[in-house]
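Here is my short note on this model. The points run from the contact between chains to overall confidence and fold.

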2 protein chains.
Amino acid sequence: MTDDKLMRRAIQLAKKGRGKVSPNPMVGCVVEKDGDIIGEGYHEKFGKAHAEVVALEKAGSEAENATLYVNLEPCNCHSKTGACTDEIIEAGINKVVTAMEDPNPEINGQGIEQLRNAGIEVDVGILEEEAKRLNRGFIKVMKEGRPWLTLKLALTTDGYIGDSTGKSKWITSNDSLKYVRDSRARHDSVMVGRGTVMKDNPSLLPNNKEKFIPYRILIDESLTIPYKVNLVNDDYTDRTIILTADDEKEKRWNEFEKRHINIVQTNRLDIGWIDLYAGLEDIAEEGVTSIYCEGGGRLAGSLIERGLVDELQIFIAPKIIGEGIKSFSGIKKPLDDAIQLQWNEVKEFGQDIMLKGKLA
Amino acid sequence: MTDDKLMRRAIQLAKKGRGKVSPNPMVGCVVEKDGDIIGEGYHEKFGKAHAEVVALEKAGSEAENATLYVNLEPCNCHSKTGACTDEIIEAGINKVVTAMEDPNPEINGQGIEQLRNAGIEVDVGILEEEAKRLNRGFIKVMKEGRPWLTLKLALTTDGYIGDSTGKSKWITSNDSLKYVRDSRARHDSVMVGRGTVMKDNPSLLPNNKEKFIPYRILIDESLTIPYKVNLVNDDYTDRTIILTADDEKEKRWNEFEKRHINIVQTNRLDIGWIDLYAGLEDIAEEGVTSIYCEGGGRLAGSLIERGLVDELQIFIAPKIIGEGIKSFSGIKKPLDDAIQLQWNEVKEFGQDIMLKGKLA
């Protein structure tokens, strides 16, 4: 088996921890000897054993002189389960192949250094791009202190996210909606503004609710959301986070807490609207490493203007309505000073076209 | 050589007449015998010899027992150059392969019938789709009395055709602009509304001006366009058509006619704006079989709402401006009653994405 194949297996295993390991990274590990996989494992849940430890345990004494594949540099710090580097050295591993260095400033190459000092050969960079994509949320938080943010918009061909009556159900096709629900499950959390909740009352659940329910973040600056909307009243309120700037409505705070909702308080800007920059840092501190933002226009406009968007998913439905709700409100730029994007991918979903891009 | 290959050659030859034969169709012809092409030709210019006549002349007496390939059913009516069917029969052609029947109600299968009655084998339908695409303008005029209309729009990602100052130069990239200029040359004419001329003062010329300049149609309901704009003042005013509802401004009519501009008068709707439905019929009567419409928003809105658009070319630039000029004005539809499109093709031009579609 090639290095690529074994690393791909490690990444595949790592994905099984999605949604359960945050704010830790997803990590998978494979121990190979003489062409056979003699042990493998992954980080299952925050607080549980690291992938390397699980895989080495399975390999047992066979691990001596074997090669270990892991999608992230093994840690040398004393985590809940001990330093992985110590375990690797102790097991007698001959060579370690890893996809990328750990961006955690407390590790950041030191794990690799310790292994090399112990005489173990270390290869770094196999399938690095895939590995970085897998843990983009973890990397973002480590480097910038804010979660990875994917902004999704469903637009008519003439650029509206809703018609002039406010209606936005459904601009896009079933195929697009299915992809959106799958995208939710590829993030730690889904986010919407209060306006979208008042209009659409969404549940923001993924297709497969058995596997994992991402946090549902509601931006509600003054904590005035009605008690009856789905996000604060359905069976998954323990997966709801309200980001607010309110510090007065004690009775409401108590009621939401009784419903097991996590209320995160952050700053308010002078103009009254929530400080999203600070707010996203506060969200990261709750252990959220990635956000799938589903609007509306005011939130989209603020996020894009403040440079807080890492990826854009724009669904363009083959529909023209002439007038409607603007996709990015609160912005007014001359053409020469437009916010520049860069398209990376084009896909078709049923009748819709999806453009994936980022800020240029 | 296969039938496909020889028909493709005929279509290739036909294209050489683009822009010069309207309102006639583009036709190319190949005469084949024992695997060799013994004669070929195309309809060069309106009023000149038909393709079959040119090809048969080149083949001379060799044409006896040969096979003739032509992308459109040979005419049996007495056109300027005599009926092509008579010439084919007289030359002793053994078999005729044609891509499609002539939609002209005066022919429409009768040419084929005459050939068969004369004992000639006739195959119909080889590369029919390509042949229909080539002469879509001619077919549209024959069937509906109006030209084929391609509507092009250059949009920001949030759906604007210009910023809030009115500026629209340039939303899209150079690669898109090049494609637009090539698209102009694939139509008999280019069309814009008065508003676009006042804002951008375009020349609407193709990349290659040597080959052929499409008519430049200006919609100017009250004939108030200033004399100094390019469309009525440059070196190509004999290629300008003004579509107007005015019937009073005699002095202006005279001035435009002096500049060799063709003024086409049509109806005005009760609401004051020009009757585009009647207007396009009047344009067809001037020998225009296809139009490439480049906006602006009012014209785009009227055309799409009246169902007058045969193809849409939507360029989406990776730019967000928040506010600007609407792409389809004069329309206000609820989502459930949106104008439905259908995407047929997606292409990248530099940084832009081009969506090609039609009314569903």
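1. A definition comes before the strand pairing: two strands pair if DSSP finds at least two bridges between them. The model is predicted. In it, S14(A) pairs with strand S16 of chain B (residues 339–349). The sense is antiparallel, over 2 bridges. Within this pairing, Ile320(A) stands opposite Ile339(B), a residue of S16(B).

2. The contact draws 40 residues from chain A and 39 residues from chain B. On the chain A side, the elements giving two or more residues are strands S6 (148–156), S7 (160–163), S14 (319–320), S16 (339–349) and S17 (352–359), plus helix H12 (297–305). S16(A) gives the most, with 6 residues. By type, the residues on this side of chain A are 20 nonpolar, 13 polar and 7 charged.

3. On confidence: ipTM is 0.89 and pTM is 0.91. Chain A has a mean pLDDT of 95. In that chain, 99% of residues reach 70 or more.

4. Next, the fold of chain A. The chain holds 12 helices and 17 strands. Its C-alpha atoms fill a box of roughly 70 × 45 × 40 Å along the principal axes.

5. Last, packing. Of the 360 residues in chain A, 51% count as buried. Among its contacts between residues at least 6 apart in sequence, 70% join residues at least 24 apart.

Conventions. Residues numbered from 1 in each chain as written. Chains lettered and ligands numbered in written order. Predicted model: local features only at pLDDT ≥ 70, side-chain atom pairs only at ≥ 80, totals over all residues. Contact = placed C-beta atoms within 7 Å. Helix = DSSP H or I, 4+ residues; strand = E, 2+ residues; numbered from the N terminus. Nonpolar A, V, L, I, M, F, W, Y, C, P; charged D, E, K, R; others polar. pLDDT = per-residue confidence, 0-100. Buried ≥ 20, exposed ≤ 12 C-beta atoms within 10 Å, placed from the backbone.
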